[in-house]
Amino acid sequence: MSLLHFAILLPLVVSLFIPLLYKKIRSVHTGWFVLLVPLILVAYFSQFLSQTMAGKTVVATMKWIPSLDINFTAYVDGLGLLFALLITGIGSLVVLYSIYYLDAKKEALHNFYVYLLLFMTAMLGIVLSDNMIVMYLFWELTSISSFLLIGYWYERERSRYGAQKSMLITVFGGLSMLGGISLLSLLSGSFSIRESLATVGTYSSDPLFTVSLVLFLLAAFTKSAQFPFHIWLPDAMEAPTPVSAYLHSATMVKAGLYLVARMSPIFAETPLWFYLVSSVGMFTLFWGSLNAVKQVDLKAILAYSTISQLGLIMSLLGLGAAALQVEILPDSLYTVATVAAVFHLINHATFKGSLFMMAGIVDHETGTRDIRKLGGLSQLMPVTFTIATIGALSMAGVPPFNGFLSKEMFLTGVLEVSESGLFHLDTFGLLFPFVAVIGSIFTFVYSILIVYRTFLGPRQLDKLPKKPHEAPIGMLIPPLVLVSLVILIGLFPNLLSNTLIRPAAEAILPKVIANGGTIPVEIKLWHGFNLELFLTVLIISVGTFLFLTLPKWRSLYHRMPKQVSLNHQYDALLRRGERTSTAIHDTVMTGYMRSYLVYIFGFIVVLVLSSLYFLDAFRFDVNPLSTVHTYEVVLVLVLVGSALSITFARSRLTSIILLGVVGYTVALFFVLFRAPDLALTQLVIETVSVALFLLVFYHMPEISRKEERIKFKLGNAAISALVGLSVTLVALASLSQRSFASIAQYYIDNVADLAAGGNMVNVILVDFRGFDTLFEISVLAIAGLGIYAMINFRKTGGIDK
Amino acid sequence: MLEMLLFIALGGVFLSMLGLFYRVIKGPSVADRVIALDSIGISLISVVGLVSIILRTSDYLEVILLIGILAFIGTVAFSKFIEKGEIIERDRNQ
């Protein structure tokens, strides 16, 4: 276990002590202790920057289950380090923010920080694991800790609903990822991502490879809230705002993007990967931005905007896959999409984190997040207004903020791929820039909407639950840090290009490096008059026009029928699933013993008869049969006659007596077939049991003693006939197909010599196989004690008799 | 010759058992059925006796004794049941 492993597990270890700190030190907000953890980790992970910049990687292995090839292999490359820095960096800011956001007296802080630290370990584990099983373990841990955090205010119904919904959807994805991992490791022979990548050429033509690809993508799409799995994210907004800012904008929802980026080298040469990732991402971009405009809750707008931006990054990762299709890269043209994806990933984390914190401040200081009640807060909350403006303009892609740069690169990537002629993109590839521009226009509209409806426009103080005022400085520091990053990256974009973006892009496209190519990361704020710039101008002008006319066309959203909405479908699916399973349960589980017996016997009949038929198992051979005597025939007639009369008997007493007749006849058979011991026992037991039957009959209530025949039911008759038939056929078949001679001769030879006995049955019972007898004695003892207990320890009206 | 006679005797016993069996099913009173059952038991003794001769074995003599005892106990128990309504009486001092 190296220091690296310890760094990944540090939050988990610290989380063990959080409840103790919370209980013992009440005067200090617990968050201050927690804040140390991400700060230490940021400092620690920054050390790796120099190594990843030089193209080196760090590997450390800790043995966990070596016999199954499952080891905790920590692997640091550009991509993993980028995420680790995002997780710990934004983690520090979020913890600082939460100290001022959550009241130490009213909130269960120990729960909150334990969940949060658990989540931090889980995320670090995902991005720094090379072993896929370990990655899956951490993956599920993020689902669980996210579930706990969304349901933090568990007494609210909406929180519980949101937590359950996100759990169901992300765990569905997690399980499909496990399936993908299993298939991939079967193909490649290793759980290690790097080893699978090294041998990918040998197995990529296997049909299971495609299945594995789809399963991995399901996991990524559910986690990163891609269409149609995006519906859990808006409902996850019931979580406390620091959680929304951290999990549902900056880190957890990017785990899916990480997975796509990490698996790109393995899968991206398959055209299906390109099609799925880019088109799903593109559609999510469009759908998320379209829906964000109609929301009235600040956090809901931000949730849909997160969905949309994640779609943007996802589609860029898909377009980046096109780079791997080209063998020789003359000017590394196609890598621009990958670089844009990484760049926008960083940018999105900065501006979306600050916007969520802004929404939290507004909620905290005014008591509502409903934009219909807010307005005109710019003079009351000037700092928050500044944060919101910078964040929203960056999100809208307005220069000179960082969102503008990544949006330009996004447009470049989209335009290039549609012109490249790869994958027969000549026709429908034209859709990409079209959808991208429309999505960007809506992005512009809702970004402006957030700022305008909250901080500008008419002031409506009477509608607000609280009197608004500026937030405390501690709450403002984290978003201020983030927006200053937004400006800093916007003005000096190349600050990051060599430290973070290039190593990450190289990790996503290792083949380019292996072929001797380079990934140029030159981000310019001003790159001349080109098509992208005109598109930006188009987006801004059309967006402004749409925003100004918003009240006129907003009612169009209500035209959409409710039944088509995915949330409605999800709820209906859950309801229908529940109702169907209840219906099946109610029909099958009737509560009547007779129905279950019908199932059991029916199943036995089907199983036995079909196996006899399909396996061609039935044989009938007359050779082993012995001759039939007259008295045997007579006895059989008696036996069959009395057994049949039981079923037609009118009174139960007659049935009991006839059952006695059957028993005595069986005893007579034992006599005829030379089994004196059996005959003796059979006679005594039959007498005792007939007496017991009579006892039961005597104690029956009057109404059940009336004479009545068993009602005839065709189904029952058919099943009993079939059971009889199948047992008979099996008996005949097994009689005719003896594989080995009997071992009886050994007993005959040795009964006197070895066991000093004359009665062979008894010698077998107590000597050769006395063990069985011991436990049959135990059975009798248990039965006797049980009867005694049932009779003597009856409860009557709650009082022991 | 002996074999022949034994089979004839068995046939006779079976016939009588058939008659008794008819009485068990037909009734009309419980006492009729009990007496018929008792007689079936006795007939069984003769069946087992005859069969032991046919099979040339003395291993079934215990069975004969057992059937005798069981038939007696059974008939007594039934009689008591008909007369008093129960087989084992409760101790009055308890």
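**Close-up 1. Helix α10 of chain A and its buried residues.** In α10(A), the buried residues (under 20% relative accessible area, with exposed meaning over 50% and partly exposed in between, using a 1.4 Å probe and protein chains only) are A:F209, A:S212, A:L213, A:F216, A:L217, A:A219, A:A220, A:F221, A:T222 and A:K223. This is a predicted model, in which local features need pLDDT of at least 70 and side-chain atom pairs count only at pLDDT 80 or more, while totals for chains, interfaces and linings use all residues. Residues are numbered from 1 along each chain as its sequence is written, chains are lettered from A and ligands numbered from 1 in written order, and side-chain values use heavy atoms, leaving out hydrogens and water. Helices here are DSSP runs (H or I, at least four residues; strands are E, at least two), numbered from the N terminus. How far apart are the end C-alpha atoms of this helix? They are 25 Å apart, which agrees with the 24 Å that its 17 residues (207–223) should span at 1.5 Å a residue; the expected span is 1.5 Å times one less than the number of residues. At the start of α10(A), a side-chain oxygen of A:D206 comes to within 2.9 Å of the backbone nitrogen of A:L208. After the helix comes A:A225, with a positive phi near 55 degrees.

**Close-up 2. A:R369 in a loop of chain A.** Look for A:R369 between α16 (336–366) and α17 (382–396). Is A:R369 buried or exposed? With a relative accessible area of 18%, A:R369 is buried. Its side chain makes a polar contact with the side chain of A:D297 at 3.0 Å. A polar contact is a pair of N or O atoms within 3.5 Å; within protein, one must be able to donate a hydrogen and the other to accept it, and residues adjacent in sequence count only if both atoms are side-chain atoms. Leaving aside residues up to four places away in sequence, A:R369 touches (heavy atoms within 4.5 Å) A:M237, A:V296, A:D297, A:L298, A:K299, A:D363 and A:L374.

Close-up 3. A:F768 belongs to helix α33 (residues 760–768) of chain A. At 24% relative accessible area, A:F768 is partly exposed. Its C-alpha atom is separated by 8.4 Å from that of A:Y747, 21 residues apart along the chain. Besides A:Y747, the residues that A:F768 touches, not counting those up to four places away in sequence, include A:Y746, A:N750, A:V751 and A:A755.
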